[in-house]
Amino acid sequence: MTNTNSKILVQVDSKAYAQKPEGKEIGGIKSRTQKSEAKYLTIYELATEIEQGKSFSPGILESGLGASNWKEQQIFGVDIDNNDETLPILTPKEAMKICKDNGVLPALCYKTFSNTADKPKFRIMFKLNEPIKHDNRRLLIASTLVALFPQADKSCVNADRIFFGTNKKVKTLNKTVSFDKILELGSKQVTSEKHELTELDKLKANFDFESLLNEACGEITRRTKTYIMYKYCPICGHHDDFIYYIKSKTFKCFGAHGGAGGSIIDYLMATRNLSQMQAIDYFKYELCRLPRGKNDNTKEISQLELISAKQLIKQNLAPINWCIEDFLPQGLALIVAQPKAGKSWLTLTICLSASMGKDFLGYHTNKGETLYLALEAVID
Ligand SMILES: [Zn+2]
């Protein structure tokens with residue numbers, strides 16, 4: 001039996017706002033909130049703080065700002081911003097139905113400062129039955145919850161995310177969800193829509209994907225009736241972020257860099273660097289040992305796994321890993337300008353800001369190591 005009166009650890013801003021904070025205020029709120037001493041509050045006490053317009057940080061940050069200082073977290077927020085114009089508006093009532101249908105009821109929810117009648121903007125907070133202390137589990141929970149709602153802000157899964165309070169009423173349900181329950185939801189999310197079973201589907205259904213994974217991943221961290229969490233992820237190499245869903249025979253890597261999921265075919269594509277056609281070929285003829293027929297080449301083309309644009313748009317992509325939030329993502333970036341425009345100074349400033357974890361042009365940086373090589377090339 002879970003004690004719903006148990007308190008959760010949160011960091012709450014000391015300053016209250018009657019309107020949505022803007023511009024420079026935001027950096028101040030973030031720094032003040034996440035440098036504040038974390039305190040234990042009941043959901044009702046937290047609701048009171050939010051109603052006063054105080055911001056809060058669900059993730060507890062210790063000894064410094066930035067996602068790398070995340071220590072633990074027990075409540076998880078999903079922002080419904082209704083910003084995707086290709087999708088119908090999601091109302092709070094409909095969102096609550098999604099929660100009910102999936103068996104994950106929130107601890108509290110409230111309309112945000114920018115909510116309007118035409119474009120509802122609201123926040124749903126879920127309370128876990130225990131604090132989460134592993135970052136990949138945190139990401140796993142955050143991304144699974146976000147994927148439940150078609151109109152959710154997909155970018156709000158970072159560890160150092162803060163949430164503003166509101167000038168509206170906070171609805172308190174004080175419900176609790178378990179880690180396992182959330183993982184079960186992930187299983188539904190990777191299962192593709194029902195369609196008639198093709199020959200390939202039948203092969204997939206009969207294939208012992210689990211044994212293949214046992215061999216590839218080795219040690220198992222956690223096993224329940226619905227899923228297996230492997231210690232080693234064959235996709236991204238991280239620990240404890242690879243989940244195999246037993247019933248649907250699908251997997252998901254929750255790594256911030258990997259972020260892959262799907263069937264054995266997707267698995268082969270990701271781990272063997274194969275195209276979809278090559279992966280199907282390998283699966284059928286190597287793993288399932290089907291005899292190769294004469295006309296197989298023409299068959300191959302008709303058996304391509306097609307996905308609709310609707311499925312594509314609904315895909316749950318891994319969140320972007322930012323060096324500088326909303327400005328410079330992980331990966332290769334080019335700064336191009338005419339000579340003497342200030343490219344080198346700009347780059348040096350980026351390096352200094354990122355290395356100290358200081359804001360760059362008002363953008364939050366994720367502290368990391370930087371290496372600046374000023375290699376001037378002379379081109380004749
Ligand atoms: Zn992974």
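The protein chain contains 12 helices and 15 strands. Its radius of gyration is 23 Å, close to the 21 Å that the globule rule gives for 380 residues, so the chain is as compact as a globular protein of that length. It should be kept in mind that this is a predicted model. Along its principal axes, the C-alpha trace of the protein chain spans about 75 × 75 × 45 Å.

Two further values describe the chain as a whole. Of the 380 residues in the protein chain, 32% are buried. Among contacts between residues at least 6 apart in sequence, 63% join residues at least 24 apart.

Helix H8 comprises residues 264–272, and its buried residues are Ile264, Ile265, Tyr267, Leu268 and Met269. Against which elements do the buried residues of H8 pack? Three of these partners are helices, namely H6 (199–206), H7 (209–217) and H9 (276–287). The others are strand E12 (250–253) and strand E13 (261–262). After H8 comes Asn273, which has a positive phi, near 55 degrees.

Key: Residues numbered from 1 in each chain as written. Predicted model: local features only at pLDDT ≥ 70, side-chain atom pairs only at ≥ 80, totals over all residues. Helix = DSSP H or I, 4+ residues; strand = E, 2+ residues; numbered from the N terminus. Rg over C-alpha atoms; globule rule 2.2 N^0.38 Å. Buried ≥ 20, exposed ≤ 12 C-beta atoms within 10 Å, placed from the backbone. Contact = placed C-beta atoms within 7 Å.
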